[in-house]
Amino acid sequence: MIEARHLRVLRAVATTGSFSAAARELGCTQPAVSQQMKALEQSTGTPLLVRTGREMRLTEAGEALVRHAAGILAGLTAAEEEVAALAGLRAGRVRLVSFPSGSSTLVPTALAGMRAAHPGTRVSLVEAEPPRSVEMLRGGDCEIALAFRYPQAAPDADPAAGWDDLVVRPLLRDRLVVMVPRDHRLAGAGTVGVGELAEEPWIAGCPRCRRHLVEVCEAEGFTPRIDFATDDYPAVVGLVGAGLGVAVLPELALESVRAKGTATLRVKPAVLREVVALTLPDLARVPAVAATLDRLELAARR
């Protein structure tokens, strides 16, 4: 196998014309140059230099290797510089996948911080709910997945619960709240038990949120009558505001919507979801990924 350090010695010898001059250029001893040239000739299986007295010239094989060495060493230098730029966060790319309420709250703050601190690192964003976002991470379609899960849910009922193979960065615990029309009988209550809404028509969110809503209601002894289902939080708020039903939403989602015509109540007992940033163990050591995770954590503390 030809080593880059041997190619550098060969090129120095070819340029300077002697072992001693090459040693001075490389900052090493003449025996070291001689030893590395011998190792290179053993690797190639053919003489690369012809020594006649004090003079030295390249064989045909030596000339061919020197021609290739220039391109190889230039490419290696470029690769070293690119890796150094990535390691120093002067360059790089991070693909982030997030669920909608995270995209509108945590992600903008985190990305603004990344751009200010590391303008050479590009972070892209696409939206997907878990477990799809977790599948994208494992499939190599992103470096970080923003996801959530319900600690109260049984593992077999929550397909996103199995994260043992991933690096999990906890961000926040997001309280779920009940949204009712402003003129609802419980609008001024402040807190409400889910069981008090057993006879109400419901507006449900994403499939996982819908499943969790059913689980919470069934734990209170009833099955919710779901009249409307939508993944769009502004649509949920609009439907509630129009008096068409009640809904359970994460507090995080309310930060980016105008809750016109509605009242928000805290659920008793509290129902929480865990919001996290996920990545793979090897990716967690990539500087740009680690920096983005740090920014997401800072955004969650705001």
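**Local geometry in loops and a helix**

Author: In this predicted model, Pro-269 sits in the loop that runs between β11 (262-267) and β12 (272-279).

Pro-131 belongs to the loop between β4 (122-127) and α7 (132-138).

Another loop, between α4 (60-87) and β3 (93-98), contains Leu-89. Phi of Leu-89 is near 60°, which is a positive value in a residue other than glycine. Leu-89 is buried, because its relative accessible area of 14% falls under the 20% cut-off.

Helix α6 may be considered next. It comprises residues 106-117, 12 residues in total, and its first and last C-alpha atoms lie 17 Å apart, close to the 16 Å expected at 1.5 Å a residue. Its buried residues are Leu-106, Val-107, Ala-110, Gly-113 and Met-114. These cover an arc of only 135° around the axis, and therefore lie on the same side of α6. On the face turned away from that buried side, α6 carries the exposed residues Arg-115 and Ala-116.

Ala-117 is also part of helix α6. Its relative accessible area is 36%, so Ala-117 counts as partly exposed. Although Ala-117 and Arg-295 are separated by 178 residues in sequence, their C-alpha atoms are 10.0 Å apart in space.

Definitions and conventions:
Residues are numbered from 1 along each chain as its sequence is written. This is a predicted model: local features need pLDDT of at least 70, side-chain atom pairs count only at pLDDT 80 or more; totals for chains, interfaces and linings use all residues. Side-chain values use heavy atoms; hydrogens and water are left out. Helices (H or I, at least four residues) and strands (E, at least two) are DSSP runs, numbered from the N terminus. The expected span of a helix is 1.5 Å times one less than its number of residues. Buried means under 20% relative accessible area, exposed over 50%, partly exposed in between (1.4 Å probe, protein chains only). The arc is that of the directions from the helix axis to the C-beta atoms.
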